[in-house]
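Dear colleague,

Please find the structure below, as promised.

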Amino acid sequence: MPSPALHREQTSGHWKKGIQAGLPIAIGYMPVAFTFGLLAKAAGLSLFETVGMSIIVFAGASQYIALSMIAAASGAAELILTTFIMNIRHLLMSASLKERAEEDPKWLKAIYAFFITDETFSVAATSPEKKITGSYLLGLGLVAYSCWVVFSGVGYVMGSGLPQSLQNSMGIALYAMFIALLVPAAKKSRKVIALAASAAILNCFFSLIPALSGGWGIILSTIIAAVSIEFFIKGDEESE
């Protein structure tokens with residue numbers, strides 16, 4: 001068993017490695033978080049609500065969709081259910097990392113599990129270390145999380161100084177971001193193309209029904225499209 005001094009030195013080393021691994025993610029988060037802050041202001045949220053959402057939710061795609069649903073006057077239940085459905089994959093990510101993570105207190109696991117995103121999971125999962133330490137995961141997640149929260153606020157404040165016409169035009173950034181996320185995945189998988197197309201068609205159909213024209217239409221479209229595509233399209237093809 002290592003001495004306390006050696007243990008502290010190892011913990012500090014893993015912490016620094018985690019921060020170094022998280023810096024590229026943090027840099028990538030800057031423009032997305034900045035844009036989220038701008039859009040949140042355009043959607044009518046206060047600075048406290050914008051930064052609070054980033055602090056509590058810390059899920060970019062969910063937060064962007066939440067802005068659309070808030071603008072559509074969707075209810076809290078619709079927002080919560082949509083966020084749950086969009087982030088249910090994190091259960092699988094957490095279970096996967098648990099197999100490689102060292103034994104830590106449950107409260108510590110809960111903290112670094114909160115920091116799991118697609119990007120931090122990818123970096124942690126591909127780490128060359130056989131066992132991932134809690135200090136490494138904390139360093140990795142905390143630097144990405146801090147950047148996301150800070151630049152959400154910066155985007156909101158900077159947005160106040162932009163011309164009103166430019167603030168209004170930032171609404172298109174939401175769609176641009178989703179297209180940027182969708183296109184690379186769609187180039188590799190016909191399932192993604194079918195899923196996006198079927199969900200869009202279903203949502204257009206549900207938007208014609210007054211009771212489903214808000215967030216419930218998005219939720220139903222997502223569930224029906226995901227289940228149907230998984231049922232009817234077996235396997236997947238890489239076009240690259």
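Aromatic pairs and other contacts

Tyr64 counts as buried, at 1% relative accessibility; buried means under 20% relative accessible area, exposed over 50%, and partly exposed in between, with a 1.4 Å probe and protein chains only. This is a predicted model, in which local features need pLDDT of at least 70 and side-chain atom pairs count only at pLDDT 80 or more, while totals for chains, interfaces and linings use all residues. Residues are numbered from 1 along each chain as its sequence is written, and side-chain values use heavy atoms, with hydrogens and water left out.

The structure holds 10 aromatic pairs. Rings of Phe, Tyr and Trp (its six-membered ring) pair if their centres lie within 6.5 Å; planes under 30 degrees apart count as stacked, over 60 as edge-to-face and the rest as tilted. One of the pairs is Tyr29 with Trp148: the ring centres are 5.8 Å apart and the planes stand at 75°, so this pair is edge-to-face. Tyr29 lies in helix H1 (residues 4-42) and Trp148 in helix H8 (residues 134-160), so the pair ties together parts that are 119 residues apart in sequence. Helices here are DSSP runs (H or I, at least four residues), numbered from the N terminus. Both Tyr29 and Trp148 are buried.

Phe36 and Tyr64 also pair edge-to-face, because their ring centres are 5.9 Å apart and their planes are at 65°. Phe36 belongs to helix H1 and Tyr64 to helix H3 (residues 60-71), so this pair ties together parts 28 residues apart in sequence. Phe36 is buried, with a relative accessible area of 0%. Ring pairs link Tyr29, Phe36, Phe58, Tyr64, Phe114, Phe115, Tyr145 and Trp148 into a cluster.

Thr117 sits in the loop between helix H6 (106-114) and helix H7 (118-125). Its relative accessible area is 8%, so Thr117 is buried. Leaving aside residues up to four places away in sequence, Thr117 touches Tyr29, Phe58, His90 and Met93, where contact means heavy atoms within 4.5 Å.

As for charged pairs, the count comes to one salt bridge, defined as a side-chain nitrogen of Lys or Arg within 4 Å of a carboxyl oxygen of Asp or Glu. The partners are Lys109 and Glu103, whose closest N and O atoms are 3.6 Å apart. Lys109 is partly exposed, with a relative accessible area of 21%, whereas Glu103 is exposed, at 67%.

Regards

Definitions and conventions. Helix = DSSP H or I, 4+ residues; strand = E, 2+ residues; numbered from the N terminus.
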